[in-house]
Amino acid sequence: MGELAIIPDGAMLTRGDKIEWVGTRSEIEARLTKDTRVIDAGGRVVAPGFVDAHTHLVFAGNRADEYEMRCSGITYQEIAKQGGGIRSTVRRTRAATESDLLAVAQKHASWFLRGGTTTIEAKSGYGLSVEAEMKILRVVRQTSKTTPLRCVPTLLGAHEVPDEFVGRTPAYVDLVVEEMLPMVVLEKLASFCDVFCEPHIFDEASAARILEAARRLELGVRIHADQFSCSGGARLAAALGAATADHLEHTDAVSIAALAAAGVQPVLLPGSVYSIGSKHYPSARAMIDAGLAVVLATDFNPGSSPIASMPVVLSLACTQMKMTPAETMTAATMNAACSLNLGGAVGSLEPGKSADFVVHEANDYREIPYFLGTQRPAMVFAQGERVA
Ligand code: NIG
Ligand code: FE
């Protein structure tokens, strides 16, 4: 992860939506024809578009009110216990029409692109009924079709227990397994299934029931694991051979070893640790030392992480989790692409891959995390077209 394949004085030739050749400037110049359009990056860093492998793209309204409450000392979990948190966004998202939600998702897509992100994973999870979850996943599909942002859809029907099922979690798990999952698969609306695994939300046994059903329907598996307690989420990810285990703020050494043995990729979300005002960052160094292909993502959502910027996440990973700038670049591009089964298509600048790349306002990649919150990419390209 710490070794980047940097080409000093490099250049790249693209054709249509694909990369055709990558090399030194003199190698590429020899391949120019008179109708090649030349874009001078001016000695700046050209890097793969970021791949953000954990986002909650589609939601109505925002929770700036809860942000203010947290600033005065009430915790994220206390707000959730009082019926706020995820449930308050669910009420608003259920009430929104599909076209309202598409407009919001397209706005969010422009935020991702502006920050140099060209591919995201997008979870549902603010509908919590069969119809509302499908509405959100249709919005994800439409966002991918109508904007330059590539979106990989994940069903997160088990994100929280909805108001009408409070006290009846097993009945809600039945609904997810027996109705929601089959309908979503029938309509081909998701590539992955995710569960918020936490003792007071969906415990290890409930999460296992849902994710085993998802696997039988040939969906990939991701898990919100060990965010607030070491409660079996990572262990379950290993047992199921999940693609990813996400969060992992409280994962212990035994579970890290299990993830390594099972080849599960950790998706670390320092933006949500920062935004909820916690200091408990996941043990990135132990995971990298265990040989895990660590991924970094924003967790963009209206509650725990109102952050759509990968450079901000890279910066937090460097200063708070002691990852090197090079490791953060790998985690946010190639490793992230592999976690979405897109390792052959995006995540690096190689011939045959999608021409998704960023001209950073930097002469050295280390400046990307270093100048926190100051620079925006100079240019962003997705599938060969300039998009920001
Ligand atoms: O990944 N932990 C659960 N889900 C989200 C938060 C969603 C919200 O607060 O609306 C997360 O942090
Ligand atoms: Fe999340």
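**Stop one: the cavity**

Start inside: there is one cavity of 30 Å³ or more. A cavity here is a set of points, on a 1 Å grid over the protein atoms alone, where a 1.4 Å probe fits but cannot get out, and lining residues have an atom within 4 Å of a point. The largest cavity has a volume of about 100 Å³, counted as the space filled by probe spheres set on the points. Select Tyr-76, Ile-86, His-159, Asn-301 and Ser-304, the closest to its centre of the 13 lining residues.

Before going on, keep in mind that this is a predicted model, where local features need pLDDT of at least 70, side-chain atom pairs count only at pLDDT 80 or more, and totals for chains, interfaces and linings use all residues. Residues are numbered from 1 along each chain as written, chains are lettered from A and ligands numbered from 1 in the order written, and side-chain values use heavy atoms, with hydrogens and water left out.

**Stop two: ligand 1**

What takes up the space of the largest cavity? Show ligand 1: the space it takes is that cavity (more than half of a molecule's atoms must lie within 2 Å of the grid points). Of the 15 residues around ligand 1, Tyr-76, Tyr-126, His-159, Gln-227 and Ser-304 come nearest, with "around" meaning a heavy atom within 4 Å.

Now pick side chains. An N or O atom of Gln-227 is 2.7 Å from a nitrogen of ligand 1. For His-247, an N or O atom in the side chain is 2.9 Å from a ligand oxygen, and for His-56 the distance to a ligand oxygen is 3.5 Å. Ligand 1 taken alone exposes 330 Å², and the protein buries 100% of that (Shrake-Rupley method, 1.4 Å probe).

**Stop three: the second largest pocket**

Next, select Gly-115, Ser-309, Pro-311, Gln-375 and Arg-376, the closest to the centre of the second largest pocket among its 19 lining residues. A pocket is an open set with protein on both sides within 12 Å along at least five of seven lines. This one holds about 430 Å³ of space.

Key. Polar contact = N/O pair within 3.5 Å; in protein donor to acceptor, adjacent residues only side chain to side chain.
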